[in-house]
Every structure is written in C-alpha cells, then in structure tokens.
Amino acid sequence: MDTFPLATNASPAMAPWGGREKRVGTNPWSIAAPAGRHGTVVMDIANTAVARGKIYHARERGEPIPEGWAADADGVPTTDPRRAIEGLILPMAGHKGYAISFMFDVLTGVLTGSAFGSGVVGPYRPTGRSGVGHLLICVDIRAMADPGEFARRMEALVEETKSTPTAPGTAEVFVPGEPEVRTAERLRTEGIPVVEDTWTALAAIAGTTGVPLPAPFPSTTAQELPA
C-alpha cells in the first residue's frame with residue numbers, strides 16, 4: 001500500500017479571516033499511510049474548528065455546541081447550533097486554518113477546473129450542481145524506500161507515540177485514525193445510534209427510492225441502525 005494525501009473543497013462555511021460572511025469551505029484533507037502490523041494510520045480533518053456535520057448533529061439532538069466552534073450571522077460567537085448553521089463555522093487555529101482552507105481550494109478547485117469558493121454547492125443545499133473538486137496524490141513507497149523497512153519504521157513510530165506517558169485524566173495515547181477504527185468495530189456489533197429526526201428523514205428517502213430500511217432496535221434516546 002502506498003501513502004495517499006487527498007484534499008477536497010466544500011461549500012462555504014467559514015468567513016475569510018476578519019470577515020463575517022461565508023466565502024471559504026471547510027475544505028477537508030486526509031493522509032493515509034500503511035503502518036505494518038498496526039494497519040493504517042489515517043488523518044482526516046476539516047480546516048474548521050469542527051466538521052459541519054457535528055453542528056447539524058447537535059441541532060438534531062437539541063444540544064448546545066462548545067465555545068469556539070461557531071459564530072452567528074453577525075460574526076458573534078455562539079453555542080446555539082441553529083444560529084451556528086445560519087452563521088459561520090470558525091477556522092481551526094485561527095488565521096492558520098483559514099489560510100490552509102483557502103490554499104486547498106486553490107489545489108482542489110482552481111487547479112482542477114472544478115468550482116471554487118462560493119461556487120461550490122454542498123450537501124446541505126437541496127438544489128444545484130455540486131461542482132466540488134478533489135486532488136489525490138499517490139506516493140509510491142517503493143520509489144523512496146524498501147516497503148518492509150518503511151513498515152518497520154512506521155511500527156516504531158506508532159509504538160513510540162503510544163508509549164508516551166499520559167497526562168492526568170487521559171487513559172491512552174492514540175495515533176491518527178485509531179479512535180475511528182475502534183468506534184467502527186464497536187458499532188458493527190452494537191448498531192449505529194440514530195436520532196428520531198434523522199430516522200424520519202431516512203425513512204422518507206427510503207420511501208422515495210424504494211429501498212427498504214433495516215429494522216431498528218428500540219432505544220430510549222435514539223434508534224439504532226444495525227451496521
């Protein structure tokens with residue numbers, strides 16, 4: 001397996017640094033690399049303080065969002081997910097997150113001939129052509145190193161990282177992608193929690209497309225969709 005940097009642009013979610021209107025997407029990017037007997041390490045992040053879907057998820061659950069995630073339509077920080085959806089998602093690391101997101105729009109939108117900036121239509125808009133652009137770069141490990149030696153070095157890096165003494169209140173140090181792998185393994189057995197509004201939306205889509213939904217497991221707070 002080779003290493004894969006992947007970037008994509010997205011519909012506007014954040015304002016340019018110092019602005020108060022959406023002009024720049026979350027423009028997420030990911031890097032995956034084989035790690036020998038540790039499987040694959042994967043970094044997958046948006047350039048905002050949080051992925052947009054988590055704010056929609058908080059709205060569905062009727063829960064506030066943490067400070068520092070978003071601002072309202074006037075650019076004032078908010079913990080109300082509804083006002084956040086109407087407003088702005090804040091960049092990670094302040095101006096650095098904005099600059100990274102801008103440059104990934106250059107690589108994924110401008111360079112590839114796809115839509116860019118406010119021309120990208122995201123999944124939260126029901127109409128319009130997406131125009132989203134992607135940039136995938138594959139690095140052949142064999143062109144730079146022996147694959148077996150690369151795997152051994154990756155294993156050493158993972159083991160060194162995970163052996164780091166933990167800070168107070170932390171049970172374990174994770175490498176990128178490890179929490180997601182564990183969550184996926186758990187959900188394959190336990191099922192996926194789905195709030196009522198989401199289940200209703202899925203049922204409507206199923207009815208329109210003629211695709212049957214799996215039978216849910218009853219729950220006091222949510223329905224669980226078997227994996």
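**Sheet order, an exposed alanine and model confidence**

Modeller: In this predicted model, leucine 6 stands opposite leucine 136 in strand 9.

Colleague: What makes strand 1 and strand 9 a pair?

Modeller: Two strands pair if DSSP finds at least two bridges between them, and strand 1 (residues 4–8) and strand 9 have three bridges in the antiparallel sense, so by that definition they pair. Strands (E, at least two residues) and helices (H or I, at least four residues) are DSSP runs, numbered from the N terminus.

Colleague: Why do strand 5 and strand 9 stand at the edges?

Modeller: The open, antiparallel sheet has four strands in the order 5-4-1-9; strand 5 (40–45) and strand 9 (134–136) each have a single partner strand, so one side of each is left without a neighbour in the sheet.

Colleague: Why does alanine 171 count as exposed?

Modeller: Exposed means over 50% relative accessible area, buried under 20%, and partly exposed in between (1.4 Å probe, protein chains only); alanine 171 has 79% relative accessibility and therefore counts as exposed. Its place is in the loop between helix 4 (147–162) and helix 5 (178–190).

Colleague: What is the pLDDT over residues 220–227?

Modeller: pLDDT, the predictor's confidence in each residue from 0 to 100, stays under 50 there, whereas the protein averages 92. Where pLDDT is low, the predicted coordinates should not be read in detail.

Modeller: Residues are numbered from 1 along each chain as its sequence is written, and side-chain values use heavy atoms, with hydrogens and water left out. Local features need pLDDT of at least 70, side-chain atom pairs count only at pLDDT 80 or more, and totals for chains, interfaces and linings use all residues.

Technical notes
Contact means heavy atoms within 4.5 Å.
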